[in-house]
Amino acid sequence: MTTSLLNQLPAIYAHLLPPVFSAPIPQESYANCRSCHMCEPSPVPSTHIPFSVASKCCTFPPIIPNYLVGAYLADDPSRTLDDVSMPGRHVTPLGAFPNAESLIQYTRILPDGFGRDSSTICPFYQNGDCGVWGYRNAICSTYQCKHVKGIRGKRFWEAVRDFLQCIEGLLADYCAHDLGISPTYLTHASVDFFVTSQLAVAHGTMAPPTDDDWGDWAPKKADFYRACAQRVRTLSAEALAGFGPHRYAITHANLMDAYTDMTTPTLPLYLKKNPRVTHIPFDDTASFFQIDYLLKMPAVVWPLLDYFDGATPVDRALSRANADLGICVETDYIQHLFEQQLLVPLLNG
Ligand code: SF4
Ligand code: SF4
């Protein structure tokens, strides 16, 4: 099953993003967010600690760029600024931000508390759903807890995130500057989550913008955000690419490389069982395998892996396994085991 990136992103991007966002990508069918499997206790003895059902993976304080706040407000007149500036957050010319305490607390729970420590639950999380789904930022739009294409899928989604974060920075700066926010303020502020959280940790505080920073928009911030959304809606893809041509080109090239890598099957000539994999028998038909996370697979995968010894070519190892085990596994499935890192090239030790 395939989908496209545009299907999963805020609609405001539809006319702005390059062709790779319309290209087919595999559906991330391992991540079932409706019935979050990361919240389920491990069905077998393992090191998996479930995520909290109170938060799922939304233990994260997001920055929402100004034009996405504007689209959120413009798309439904009953929405107000209070919806995005609840306790622990404030509004700025670049968007709706978590305060320094929220950012610092988030860095404290990492890595083990992610998905598990509800002290940083996102204020937009509502009864298992995202309250700002159509307006969520680059990090939220691209987070996947598992990847059907394994390590290559992970790299792809990180490249999408990095490209979108570049777009967020270019668009948020453009909107704010074009609407008269002073360059002096913009020099010291960033819509980049990683930069902002590092600054919060370094300084321990983050002053909200003053009325002087907002300028003429101070008494009409909601109008400011709507004007940001309007600017983005009427912007061309060419104009966007021209805002920061070098950064745009570099992050786009990285995304294209990651897309090609994920969608072009390449099987090494020799593979061996990953020495890091833990096999956890389940029943007659299925087993669990754990490297970074638990994967349920047919029980026959475990004896199958032993045929790949790093010295026998993959096609010959597969023929032998099929004959000995009475199965008819195809090369595509070996590709899948390779992508999930159950089989690794010799360099992986
Ligand atoms: S992406 Fe988040 S909500 Fe979806 S399955 Fe994974 S942990 Fe659960
Ligand atoms: S904005 Fe939505 S997706 Fe992102 S952390 Fe909050 S609830 Fe989750």
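This note goes through the predicted model point by point, from the overall layout to single residues.

1. Basis of the note. The model is predicted, so local features are reported only at pLDDT of at least 70 and side-chain atom pairs only at pLDDT 80 or more, while totals for chains, interfaces and linings use all residues. Residues are numbered from 1 along each chain as its sequence is written, and chains are lettered from A and ligands numbered from 1 in the order in which they are written.

2. Overall layout. Along the principal axes, the C-alpha atoms of the protein fill a box of roughly 75 × 40 × 35 Å. The protein holds 13 helices and twelve strands, where helices (H or I, at least four residues) and strands (E, at least two) are DSSP runs numbered from the N terminus. Of its 349 residues, 33% count as buried; a residue is called buried if 20 or more other C-beta atoms lie within 10 Å of its own, exposed if 12 or fewer do, and partly exposed in between, with C-beta atoms placed from the backbone.

3. Domains. Domain 1 covers 2–263 and domain 2 covers 272–348, with bounds that come from an automatic or database domain assignment. Their C-alpha centres lie 37 Å apart, and eleven residues of domain 1 are in contact with nine residues of domain 2, contact being counted when two C-beta atoms, placed from the backbone, lie within 7 Å. On the side of domain 1 that touches domain 2 there are four nonpolar, four polar and three charged residues; here Ala, Val, Leu, Ile, Met, Phe, Trp, Tyr, Cys and Pro count as nonpolar, Asp, Glu, Lys and Arg as charged, and the others, Gly among them, as polar. In the protein, 68% of the contacts with a separation of 6 or more are made by residues 24 or more positions apart.

4. Nonpolar cores. A nonpolar core is taken as a set of buried Ala, Val, Leu, Ile, Met, Phe, Trp, Tyr and Cys residues joined through C-beta atoms within 7 Å. The largest has 59 residues, of which Ile64, Tyr67, Leu68, Val69, Val160, Leu171 and Cys175 touch the most other members. Elements giving two or more residues to this core include helix H1 (66–74), strand S5 (95–98), helix H2 (100–109) and helix H4 (150–178), and H4 gives the most, with 13 residues. Apart from this core lies another of 18 residues, among them Leu271, Leu318, Leu342 and Leu343. Leaving aside residues up to four places away in sequence, Leu68 touches Pro10, Ile12, Tyr135 and Asn137.

5. Ser102, Leu103 and Tyr106 are buried in H2, and seen down the helix axis the buried residues fall within an arc of 100°, so they line one face; the arc is that of the directions from the helix axis to the C-beta atoms. S5 and H6 are included in what covers these buried residues, whereas the face turned away from the buried side carries the exposed residues Thr107 and Arg108. Pro111 is placed in the loop between H2 and strand S6 (125–126), and a cis peptide bond, with omega of about -5°, joins Leu110 to Pro111.

6. Ligand surroundings. Which residues surround ligand 1? They are Ala31, Asn32, Cys33, Cys36, His37, Met38, Phe51, Lys56, Cys57, Gln144 and Cys145, where a residue is listed if its C-beta atom, placed from the backbone, lies within 6 Å of the molecule. By class, this shell has seven nonpolar, three polar and one charged residues. Ligand 2 is surrounded by residues including Cys58, Cys122, Cys130, Arg136 and Cys140, and its shell has nine nonpolar, no polar and one charged residues.

7. Positive phi angles. Lys56 has a positive phi of about 50° although it is not a glycine; Lys56 lies in the loop between strand S2 (25–26) and strand S3 (64–65) and is buried, with 20 other C-beta atoms within 10 Å. Asn127, in the loop between S6 and strand S7 (129–130), also has a positive phi, near 50°, but Asn127 counts as exposed, with 5 C-beta neighbours inside 10 Å.

8. Thr278. This residue is found in strand S9 (residues 278–281) and is partly exposed, with 13 other C-beta atoms within 10 Å. Thr278 and Ser46 are 232 residues apart in sequence, yet 9.0 Å apart in space, C-alpha to C-alpha.
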